[in-house]
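Here's a quick briefing on a ligand site and the pocket around it. Take a look at the structure first, then go through the notes below.

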Amino acid sequence: MTPTTPRLPIILDCDPGHDDAIAMVVAARHTNLLGITSVAGNAPLESTTQNAIVVRDLLGIDVAVHAGAHRPLIAPPRHAGYVHGESGLDGADLPTPSGPPASHDAIGFIIDTVRSNDGVWLVPTGPLTNIALALRSAPDIAGRIAGISFMGGGLFGNSTATAEFNIWADPEAAAIVLSYGGPLVMSGLDLTHQFQATRERIDEVRGMPGRLALVLADLLEFFSGTYTSRHDDLRGAPVHDPCAVMALTHPDLFTRSFSNVTVETGGEITRGMTVIDQRTLIERPAPNCDRLTAVDADAAWAVVTEAIAHFSH
Ligand code: BDR
Ligand code: CA
């Protein structure tokens, strides 16, 4: 499917992560990818940074990777080895990274890039630590960016009954981001669970030529394996993170609801929950978030496979 918007300038802020890797592929294909920043999340920072470099190398693109925050603002560091393996990207025979990150100052990179380019979208697909630190360090960037399209939160949780991993891992950072005052696009779990790497979809990738497709097929196999072994209702891993990219590049794939969304930072059993106000009261809190509610999953998967094919050689 051809994107319906021009190539938007973005910074992808990620914690690869199997689905972050897919987000990188789609971003490389359909955006003006100004840089990739890594954050601790699915695995410690050293691993997510190395994984971002490896996927960048497999894509063969000339985009710098900058390492960011090695831990959340206040919460203790917690990772998701139970989904992504200890490396954050288990399941495939990965090449050695071509070199170190371009810098260890992702926050400075985000600030400088936003100040020197108009209309940049920030696309975080991990805990929101880097974005919150950038907004706190340089408040002027809130008025410079086009918006923030993030994967996180939703109407239900995965790390806890109410909290999704990216928000649960750094709720204070999420609270800063959700209250920054500019456009927000949210791909929550109730959206991303509609977009699963089913057997048929993984086989489609496996049937494609080239090293990238082979690696991604193996990664998706591992990712879906951990999900289907832990859930009794999924046919494959939800491919969460590329939704935050496609929300910008292929907006027609999604339906939306403009809602007020806040984050619970104090709750004993609800910490990290995104509180989505669905009341129909005439006097209700102003919406702050364009919340994606449904996706045309087959069409979105076609975007993913076309992007993989584009970089397969
Ligand atoms: C989110 O958490 C991570 O495990 C995934 O990469 C995704 O960003 C889903 O809750
Ligand atoms: Ca992620």
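This is a predicted model: local features need pLDDT of at least 70, side-chain atom pairs count only at pLDDT 80 or more; totals for chains, interfaces and linings use all residues.

- The side chain of Asn158 has an N or O atom 2.9 Å from an oxygen atom of ligand 1.
- For the side chain of Asn166, the distance from an N or O atom to an oxygen atom of ligand 1 is 3.0 Å.

**The shell around ligand 1**
- Ligand 1 is surrounded by residues including Asp20, Asn42, His84, Thr125, Met151, Glu164 and Asp241.
- Sorted by class, the shell comes out as two nonpolar, six polar and four charged residues.
- Helix 1 (18–30) supplies at least two of the shell residues, and so does helix 6 (165–169).

**The largest pocket**
- There's about 240 Å³ of space in the largest pocket.
- Its lining is made up of 20 residues, and Val83, Asn158, Phe165, Tyr227 and His240 lie nearest the centre.
- By class, that lining has six nonpolar, eight polar and six charged residues.
- Helix 1, helix 3 (81–84), helix 6 and helix 10 (211–230) each give the lining at least two residues.
- Helix 3 provides the largest share of the lining, with three residues.

Notes
Residues are numbered from 1 along each chain as its sequence is written. Chains are lettered from A and ligands numbered from 1 in the order in which they are written. Side-chain values use heavy atoms; hydrogens and water are left out. A residue is near a molecule or strand if one of its heavy atoms lies within 4 Å of it. A polar contact is a pair of N or O atoms within 3.5 Å; within protein, one must be able to donate a hydrogen and the other to accept it, and residues adjacent in sequence count only if both atoms are side-chain atoms. Helices (H or I, at least four residues) and strands (E, at least two) are DSSP runs, numbered from the N terminus. Ala, Val, Leu, Ile, Met, Phe, Trp, Tyr, Cys and Pro count as nonpolar, Asp, Glu, Lys and Arg as charged, and the others, Gly among them, as polar. On a 1 Å grid over the protein atoms alone, a cavity is a set of points where a 1.4 Å probe fits but cannot get out, and a pocket is an open set with protein on both sides within 12 Å along at least five of seven lines; lining residues have an atom within 4 Å of a point. Grid points are joined across faces, edges and corners, and a volume is the space filled by probe spheres set on the points.
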